[in-house]
Structure formats: C-alpha cells, structure tokens
Amino acid sequence: MKGKEILHRLVQMMLTLLGVTFLTFALTYIAPGDPVEMLLEVGDVIIPREVIEETRKQLGLDQPFHIQYIRWLGGVLTGDMGMSYSARVPVAQKLMEALPGTLLLAGSSLFMMIIVSLPLGIISALNRNTLIDNGIRFLTFIGISMPTFWVGLMLLYIFGLQLGWFPIAGGEVEFKRMVLPAVTLAISMAAKYTRQVRTAVLEELNQDYVMGAKARGIPMSRILWHHIMPNACLPLITLLGLTIGWLLGGSAVIEMVFGWPGLGKLAVRSIEMRDYPLVMGFVLWIASFYMIINFIIDCSYHYLDPRIRKGTR
C-alpha cells in the first residue's frame, strides 16, 4: 500500500474509534442503574444519600455528559483509561490481567479450527457430490446448528462431570482447563470454515487455468497446492481475520460457561457491576483489535495478489 493510502486508512480508523467510543459512552450514560449505588451496596445496609453524592462527585459522575466524555477521551489520549470502579485499579491493568487467558484460548481454538477445517474443506471439494462430500457437509451442518453454549455444557457434562477427564470449574489459566472451551469454540468455527474452504476451492477448480494444467498432465496435487490454494486463500484470509478479531474480543458466553478468566468474562462482570470505565476500556481495546487486524489483512492482499499491486482488480 502507498503512503497516502495508509494515511487515509489510519484517519478512517481514528474516526471510527471516536464514533465507537462516543456511542458506547452515551449508552453507558443513559443505561438504567446507578454505578455508585452498585459500588457501595453491602447487603441490606442503607447507604446515606450524602455518601452516595460524595462518591459520585469523587468519580466525576456529577458532571454533564459532554464533560465526562471529554475528560475520559483526554485521559485515553495520554494513555490513561481511568480507574475501575469495582477493583479500584487502573483499567489497563485489569485488561492486561485478562488478556493472556483470551490469547491462549483464541490461539488454541484457532489452531484446532485450521487443522480440522482446511483438510476437510479440500477433501469435500475434490470429492464433490460424493458420499464423502455429503458426509462432511452433514457434519458441518450439525456443527453450525448447535449453539456454542449448549456444546460447552454437553462437553462439561460428559468429559468433566461423567468421565472426570477435565476440571468443570475455572479460575486459573491452565492447559487442562483450556481444552474444553477451546474445543467448544473450534467445533463451531471449523464447521463454518470448512464450508468456506470447500466453496473457495470449488470456485477455483472450475477456472480455465485448472483445466489447462490438467490437459498438460500436471499432477493434481501440484495444481492444488501451487495454483488453486494460493488463489483460494484470499477470501479465506478475510474470514480468518474476522474470526481472530472475534476471538480476541473474548467469546463471553464460552468464558462464562467454563469460568475462563478472559476478556469476555471480564466484560460481562463489568457490565453487571456498572463498572463503566472498564466497559469503555474493553470496547476501545476490541474496536482497536478489529481495525488493526483488518488493516493487516488489507495490506497482505497487496503482497498475496499481484493484480491488486498492478491496479488491475
């Protein structure tokens, strides 16, 4: 990509981030419930109104909406995302504590998804409309149809409760605790990605250059790996990038089901506690992740597809 195009994309990213944070801040501002009352609530004890108002003043929640947003935005620009209401620690620190769990879970489930979906998609495409193809398509249909939370609960019940192979309660970032949530995520993603790989490979198999290569006696394995897959990978990379962004965002449902300490679980807890600085920090991180990944994918197209570099596509 040229310098002008990169600058244009960076400006777009900044404006998008500004819009996302503004909308999120507005939603938290008008959301029902008082974060100060949630913070001070202790059983059935009635908190004096003076204490509530004083705490609200200390947190800056007594200021108008635009003042609160400008103050928060100014802090972000200087590297300060504020303090968590519930934990009383910097938001960045809480996010960094949850990030390793999400990275480990995302990387593991992504690896499982690729090693399953890529060969299955290729096999399905090469054996189109055969028993093998129909069987793989049926399995992917089942995988897409099953809700991820239900799959997670079934895996917990069978392999955790009945067989006792894996722990059923989370709490720490460990390999043994990671297996079931990673498999749960991989099942759903692999089913979708297998279909995408099959579609992409089938589209390339129908191209004239494949017929010409076959007519010249080139082995199918060489045609597949040297011609078909490089072309088929372009649309798959886009889907892979979106999947990575979704995983880094923290699959909240799965993390809650398994009690996995990641960003998704942290986000749900912060919403329950009305911990709005933590919610804002999470949204800012996830929006940044998505845009950076999309930017990297766009840049990769210029190296993977010569037609884009030459401006012929």
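The largest nonpolar core of this predicted model has 38 residues, and Val 201 and Ile 228 touch the most other members. A nonpolar core here is a set of buried Ala, Val, Leu, Ile, Met, Phe, Trp, Tyr and Cys residues joined through side-chain atoms within 4.5 Å, with buried meaning under 20% relative accessible area (1.4 Å probe, protein chains only). At least two residues come from each of helices H5 (91-126), H7 (148-162), H8 (175-205), H9 (208-215), H10 (220-248), H11 (252-258) and H13, and H8 gives the largest share, twelve residues. Helices are DSSP runs (H or I, at least four residues), numbered from the N terminus.

Setting aside neighbours within four places in sequence, Ile 228 is in contact (heavy atoms within 4.5 Å) with Val 201, Glu 204, Leu 205, Tyr 209, Val 210, Met 220 and Ile 223. Apart from this core lies another, of 25 residues, including Leu 17, Trp 72, Leu 99 and Ala 287.

Then there is the largest pocket, lined by 27 residues; Leu 59, Leu 61, Gln 68, Tyr 85 and Pro 277 lie nearest its centre. On a 1 Å grid over the protein atoms alone, a pocket is an open set of points where a 1.4 Å probe fits, with protein on both sides within 12 Å along at least five of seven lines, and lining residues have an atom within 4 Å of a point. Two or more lining residues come from each of H1 (3-30), H2 (35-40), H3 (49-58), H4 (65-77) and H13 (276-304), with the largest share, four, from H4.

Residues are numbered from 1 along each chain as its sequence is written. Local features need pLDDT of at least 70 and side-chain atom pairs 80 or more, while totals for chains, interfaces and linings use all residues, and side-chain values use heavy atoms, without hydrogens or water.

Definitions and conventions:
Buried means under 20% relative accessible area, exposed over 50%, partly exposed in between (1.4 Å probe, protein chains only).
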